[in-house]
Amino acid sequence: MNKAFLIGNIGKEPESREVGSTTCCTFTLATNKSYKDKDGNYQSQTQWHNIVAWRQTAEYASKYLKKGNQILVEGEITYRSWEDKNGNSRITTEIVADKITLLEKKSSANEPEEDDFPD
């Protein structure tokens with residue numbers, strides 16, 4: 001089974017585009033881990049994740065999500081490789097979102113209810 005659950009804050013405004021006739025939305029998500037180091041001092045570590053949403057999930061993400069929103073992403077870890085313009089092999093890790101849940105309080109009437117996001 002390949003299933004990822006991430007809770008974090010959106011790092012940049014979601015970008016939406018059409019791939020053929022399918023909507024795709026991408027954004028970054030920051031997750032934080034706090035721990036005590038060997039000296040007993042609290043440390044914080046941030047990890048950045050590339051999130052990709054397709055179809056209805058992408059439409060909702062591009063309509064309702066904003067930079068800084070705290071969300072829960074449920075999805076699949078994927079790896080994509082390509083050659084850059086210089087012929088170098090490149091690889092990236094992405095989370096393909098199956099479900100996105102907005103976790104913070106609603107600040108306006110224009111934001112969705114929890115059930116508005118697709119499963």
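**Briefing on the predicted model**

A salt bridge joins Asp 98 to Lys 3, and the closest N and O atoms of the two residues are 3.4 Å apart. Asp 98 belongs to strand β6 and Lys 3 to the segment before β1, so this pair ties together parts that lie 95 residues apart in sequence. The model is a predicted one. The points below place this pair within the wider chain.

**Overall architecture**

- The protein chain contains one helix and six strands.
- Along the sequence, these elements follow the pattern β-β-β-β-α-β-β.
- The chain has 119 residues, and buried residues make up 34% of them.
- Of the contacts between residues at least 6 apart in sequence, 54% join residues that are at least 24 apart.
- The accessible surface of the chain comes to about 8100 Å², and carbon and sulfur atoms account for 43% of this surface.

**The nonpolar core**

- The largest nonpolar core consists of 17 residues.
- Within this core, the residues with the most contacts are Phe 27, Leu 29, Ile 51, Leu 65, Ile 71, Val 73 and Ile 100.
- Two or more core residues come from each of β1 (4-10), β3 (22-36), β4 (42-54), α1 (55-64), β5 (70-83) and β6 (89-102).
- Strand β6 gives the largest share of the core, namely four residues.

**Salt bridges**

- Side chains of opposite charge can pair when their charged atoms come close.
- The model has three salt bridges in total, one of which is the pair of Asp 98 and Lys 3 described above.
- Are the two partners of that pair buried, exposed or partly exposed? Asp 98 is partly exposed, with a relative accessible area of 35%, and Lys 3 is also partly exposed, with a value of 35%.
- Lys 12 forms a salt bridge with Glu 15, with 3.9 Å between the closest N and O atoms.
- Lys 12 counts as partly exposed because its relative accessibility is 35%, and Glu 15 counts as partly exposed at 45%.
- Glu 94 forms a salt bridge with Arg 80, and here the closest N and O atoms are 2.8 Å apart.
- This pair links distant parts of the chain, since Glu 94 is in strand β6 and Arg 80 is in strand β5, 14 residues apart.
- Is Glu 94 buried or exposed? Its relative accessibility is 12%, so Glu 94 counts as buried, the cut-off being under 20%.
- Arg 80, by contrast, counts as partly exposed, at 40% relative accessibility.

**The largest pocket**

- The volume of the largest pocket is about 200 Å³.
- Which residues are closest to the centre of this pocket? Of the 14 residues in its lining, they are Thr 26, Ile 51, Val 52, Arg 80 and Glu 94.
- At least two residues of the lining come from each of β2 (15-19), β3, β4 and β6.

- Thr 22 has its place in strand β3.
- Leaving aside neighbours within four places in sequence, Thr 22 is in contact with Arg 17, Trp 54 and Arg 55.
- Thr 22 and Trp 54 are 32 residues apart along the chain, while their C-alpha atoms are separated by 7.2 Å.
- Arg 55, one of the contacts of Thr 22, is found in helix α1.
- Arg 55 is exposed, with a relative accessible area of 55%.
- Most residues other than glycine have a negative phi.
- The phi of Arg 55, however, is near 55°, which is a positive value in a residue other than glycine.
- Asn 88 lies in the loop between β5 and β6.
- At 42% relative accessibility, Asn 88 counts as partly exposed.
- Not counting residues up to four places away in sequence, Asn 88 touches Trp 82 and Glu 83.

How values were computed: Residues are numbered from 1 along each chain as its sequence is written. This is a predicted model: local features need pLDDT of at least 70, side-chain atom pairs count only at pLDDT 80 or more; totals for chains, interfaces and linings use all residues. Side-chain values use heavy atoms; hydrogens and water are left out. A nonpolar core is a set of buried Ala, Val, Leu, Ile, Met, Phe, Trp, Tyr and Cys residues joined through side-chain atoms within 4.5 Å. Buried means under 20% relative accessible area, exposed over 50%, partly exposed in between (1.4 Å probe, protein chains only). A salt bridge is a side-chain nitrogen of Lys or Arg within 4 Å of a carboxyl oxygen of Asp or Glu. Contact means heavy atoms within 4.5 Å. Accessible areas come from the Shrake-Rupley method with a 1.4 Å probe; for residues, only the protein chains shown count as cover. On a 1 Å grid over the protein atoms alone, a cavity is a set of points where a 1.4 Å probe fits but cannot get out, and a pocket is an open set with protein on both sides within 12 Å along at least five of seven lines; lining residues have an atom within 4 Å of a point. Grid points are joined across faces, edges and corners, and a volume is the space filled by probe spheres set on the points.
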